[in-house]
Amino acid sequence: MNLKKILKNENGATAVIVALLMVVLLGAVAIVVDLGRGYNAKAQMQSACDLAALAGAKQLPDSSAADVAARQIAISNGYDPSEINVEVFDGNSRVRVTINQRKNTLFAGVIGVNDMNIGCTAVGSKDLSTPSNVKRVNPFFDYLLFHSGETGTLTLGTSGLKVYGGIHSNANIMINQLDTIGGFSSVGNFDGSVSCKVYRATDVEKDEYEEIGTAERQWWPYNGYVLRKKDGSTTPLNETVFYKKTDDLIEVPSSIMDSAMDIIPTDSSGNPKMPESHNVAVEGSVVENKSRVINGDIVIYGDGKVWCHTGNITVNGNIYCTGNLQLQRVTINGDVYCCNKITTSGENISFNGNYVYADSFQPGNGINVKGVIVVNHNFRTTGNVNQLDGGVAVLSLHGNIALTAGNQTLNGIVYAPEGSVEFGGGTVIHGNVIAKDLPVRSALTIYPMKQATIDDLDDMVTITQPGGPSGSNGEVKLVE
């Protein structure tokens, strides 16, 4: 056989070359197809990431609610919970959502690539700063006792009544017995037979006051009230700063109502509305014979209770109830919203959230509230030693407030715009009492509001002024 002929023989070479080229071609097709699938999957994933980050940012600064909202959006877009990571950072003003997913390849396996990793990240932010076009409003009211009704008489006739500030009635005033007073005014008539001391504040924070003199009726030569100063001289009371007859009705600042209603959840019409829980720990009543800690919200449909016979239940979350709610030996480090009536029994009940809302509220002994109490109708104490601390301590939207049982201590405003406020026992208030009707029949001491409470109110209310720069507080946007 001729070796030279054999070497020159090319039969079958084409097949080998085509086979080699087919491998390369199939690899290229695999890369193009699977890269295209990966590109489309990444685009869809980025869209889901963006939506999840925006949903989470809307819930800030509540980190738990932001986490839940972001995950729900990502899951609803088809991603497994194990593929999703949510991080809240930067002072609870930003939320980062990351999705990582491994996808099998269709054709790239022929070149040894069986799967590919696809990942996306988005960061949503919420502006938690105060915009420059917002003016803070100090809702502090000049009058410690204020009868807003246009009819009737504000009658002050009991021993142990001490008012270290102004008293006003949009109708008449009758003073029959009063230990101390800072001054008063009325639209209607002023009358009475009282002799009372007149004070001027020297240091409100320390409850220190200077006695100016005595307001008393003098039949001759004035046939009316005079201010008898400590040196014995007299001046008609209406010629001093301690009494003024006004021609026009005085309106209660709307910011007092706004400060409370801006805190409780409401619907689009501004009416109270029970919020949804994003962190349910227990659904239904909780009744224990020993101490227990619950991390998350308690949601009760219908009537229910959070009740501890021995020890104390600590709720690190909110309580939402659609019916009547009974509480005993419980500490609530969150908000309380009850569609009907709240009643408490025993002592050791603390509310440490932003608000307590109910249709009506009947506390027993020893409750401690740090936050705003808003009731749709009536608030009535039935026991001693209740401590209420809030810019607006108690607001009854359409009913009455009765602090008639035992000793109560309140820091803030007590407000019943459509009803009455009554007292009993030895109530001490650093704040204001404002009501359509004020039947003051028992011992009561009222001091001006403490500066810390004024600051709380100042932080609770904002009014946007026109003409300011765009970009309001709470703006949500993607930053990555």
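Reader: Phenylalanine 351 and phenylalanine 361: are they buried or exposed?

Author: Both phenylalanine 351 and phenylalanine 361 are buried. The word requires a relative accessible area under 20%. Keep in mind that this model is predicted.

Reader: How many aromatic pairs does the structure hold?

Author: There are five aromatic pairs.

Reader: Why is the pair of tyrosine 143 and phenylalanine 146 called tilted?

Author: Start with distance. The ring centres are 5.8 Å apart, and a pair needs them within 6.5 Å. Now the angle. The planes stand at 40°. Stacked would need under 30 degrees and edge-to-face over 60, so what remains is tilted. Both tyrosine 143 and phenylalanine 146 are buried.

Reader: What makes phenylalanine 351 and phenylalanine 361 an edge-to-face pair?

Author: Their ring centres lie 6.0 Å apart, and 75° separates the planes. The cut-offs are within 6.5 Å for a pair and over 60 degrees for edge-to-face, so both conditions hold.

Reader: Which parts of the chain does that pair tie together?

Author: Phenylalanine 351 belongs to strand β26 (residues 336-351), and phenylalanine 361 to strand β27 (residues 355-362). The pair therefore links parts ten residues apart in sequence. Phe351 and Phe361 also share one aromatic cluster with Phe379.

Reader: How many disulfides does the structure have?

Author: A search of the whole structure finds zero.

Reader: Why is cysteine 49 called buried?

Author: Its relative accessibility is 0%.

Reader: What makes valine 287 count as partly exposed?

Author: Its relative accessibility is 45%. Buried needs under 20% and exposed over 50%, so valine 287 falls in between. Valine 287 is found in strand β19 (residues 286-288). Beyond its neighbours up to four places away in sequence, valine 287 touches Lys305, Trp307 and His309.

Reader: How do you know that strands β6 and β9 pair?

Author: Count the bridges. Strand β6 (residues 153-157) and strand β9 (residues 172-177) have five, in the parallel sense. Pairing needs at least two, so they qualify. Leucine 156 stands opposite isoleucine 175 in β9. β9 also pairs with strand β12 (residues 190-192), in the parallel sense over three bridges. There, isoleucine 173 faces phenylalanine 190 in β12.

Reader: Which members of the largest nonpolar core touch the most other members?

Author: Val306, Leu325 and Leu327, out of 67 residues. Leaving aside neighbours within four places in sequence, the contacts of leucine 325 include Ile300, Val306, Ile319, Val336 and Cys338. In soluble globular proteins, nonpolar side chains tend to be buried together.

Reader: What is the mean pLDDT of the protein?

Author: It is 79, and 79% of the residues reach 70 or more.

Reader: Where does pLDDT stay under 50?

Author: One stretch is residues 130-140, with 36 contacts beyond four places in sequence in the model. Another is residues 460-472, with 29 such contacts. Where pLDDT is low, predicted coordinates should not be read in detail.

Notes. Residues are numbered from 1 along each chain as its sequence is written. This is a predicted model: local features need pLDDT of at least 70, side-chain atom pairs count only at pLDDT 80 or more; totals for chains, interfaces and linings use all residues. Side-chain values use heavy atoms; hydrogens and water are left out. A disulfide is a pair of cysteine sulfur atoms within 2.5 Å. Buried means under 20% relative accessible area, exposed over 50%, partly exposed in between (1.4 Å probe, protein chains only). Helices (H or I, at least four residues) and strands (E, at least two) are DSSP runs, numbered from the N terminus. Contact means heavy atoms within 4.5 Å. pLDDT is the predictor's confidence in each residue, from 0 to 100. A nonpolar core is a set of buried Ala, Val, Leu, Ile, Met, Phe, Trp, Tyr and Cys residues joined through side-chain atoms within 4.5 Å.
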